[in-house]
Amino acid sequence: MEINKQGIWKKKPINPSKLPKEMLAFIEKEAECFLTNRAKEPSFQSFRHFHKNGDRQLFESEYFDRRKRLTTFGLLSYLYPNESIYIEELENQIWQICQEFTWCLPAHLHMEREGQTYEDYRISQSLHYSIDLFAAETAFTLAEIHHIFQDKLDPFLIEKIKIEIDRRVIAIYLDNGPYEWEEATHNWAAVCAGSIGGCRFIFGIR
């Protein structure tokens, strides 16, 4: 991609024949596998497994599988813009991720947020969300996809992406900070803040 004088990314077509054949074959093989084996929808038992048993793998394997599919179909939709199956599958992956209860991993949740009671909700009239590495990265990934494919994605889904990014990450960050990772000495400060800043740059909101 290139950036024009207004600071907006310009989409620059990529010729698939210019890419390493091994890399392209790998991505296409992944897509073929994903098209044959549908993504597993998140279950309540999977979500609560960590809090009951301390095991992260069950939920996280399903969580990262959905994002791997999102990346795969996003790449192929960009490389082969006339192949409708890829954009349809990209839409399906976006839809699944937008329906997730939280974009955080269960091991990273602040349960006083996601675990709010009905009484808390009734008073505040807002849902509370934690922001971890992967919630921020999910928001930024969806923001990039929105920018690249806004002329190909269903208009309903375009608006859904913006709403979910705003309410799950941007609004929560602005209205409920500071977050403990803002002064962290590990990579959370850079990844979370960079992803949130990227979303605001792309959308120009708030």
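Two residues are taken to be in contact when heavy atoms lie within 4.5 Å of each other. By this criterion, and leaving aside neighbours within four places in sequence, Ala31 is in contact with Thr72, Phe73, Leu76 and Tyr86 in the predicted model. Ala31 belongs to helix H1 and is buried, with a relative accessible area of 1%. The C-alpha atoms of Ala31 and Tyr78 are 14 Å apart in space, and the two residues are separated by 47 residues in sequence.

The buried residues in H1 are Leu24, Ile27, Glu30, Ala31 and Phe34. These residues lie on the same side of H1, because they cover an arc of only 125 degrees around the axis. Lys21, Glu22, Phe26, Lys29, Glu32 and Thr36, on the other side of H1, are exposed. The cover over the buried residues of H1 includes helix H3, residues 57–79, and helix H4, residues 84–99.

The number of aromatic pairs, with ring centres within 6.5 Å, comes to twelve. A pair of aromatic rings is described by the distance of the centres and the angle of the planes. For Phe73 and Tyr86, the ring centres are 6.4 Å apart and the planes are at 35 degrees, so the pair is tilted. Phe73 lies in helix H3 and Tyr86 in helix H4, so this pair ties together parts that are 13 residues apart in sequence. Phe73 has 0% relative accessibility and therefore counts as buried; Tyr86, at 14%, also counts as buried, the cut-off being under 20%.

Tyr86 also pairs with Tyr80: the ring centres are 6.2 Å apart and the planes are at 40 degrees, so this pair is tilted as well. Tyr80 has a relative accessibility of 22% and therefore counts as partly exposed.

An aromatic cluster is formed by Phe47, Phe59, Tyr63, Phe64, Phe101 and Phe134. The ring of Tyr63 also has a charged group over it: the charged end of Arg67 sits 3.5 Å from the ring centre.

Definitions and conventions: Residues are numbered from 1 along each chain as its sequence is written. This is a predicted model: local features need pLDDT of at least 70, side-chain atom pairs count only at pLDDT 80 or more; totals for chains, interfaces and linings use all residues. Side-chain values use heavy atoms; hydrogens and water are left out. Buried means under 20% relative accessible area, exposed over 50%, partly exposed in between (1.4 Å probe, protein chains only). Helices (H or I, at least four residues) and strands (E, at least two) are DSSP runs, numbered from the N terminus. The arc is that of the directions from the helix axis to the C-beta atoms. Rings of Phe, Tyr and Trp (its six-membered ring) pair if their centres lie within 6.5 Å; planes under 30 degrees apart count as stacked, over 60 as edge-to-face and the rest as tilted. A charge sits over a ring if NZ of Lys or CZ of Arg is within 6 Å of the ring centre and within 35 degrees of the ring normal.
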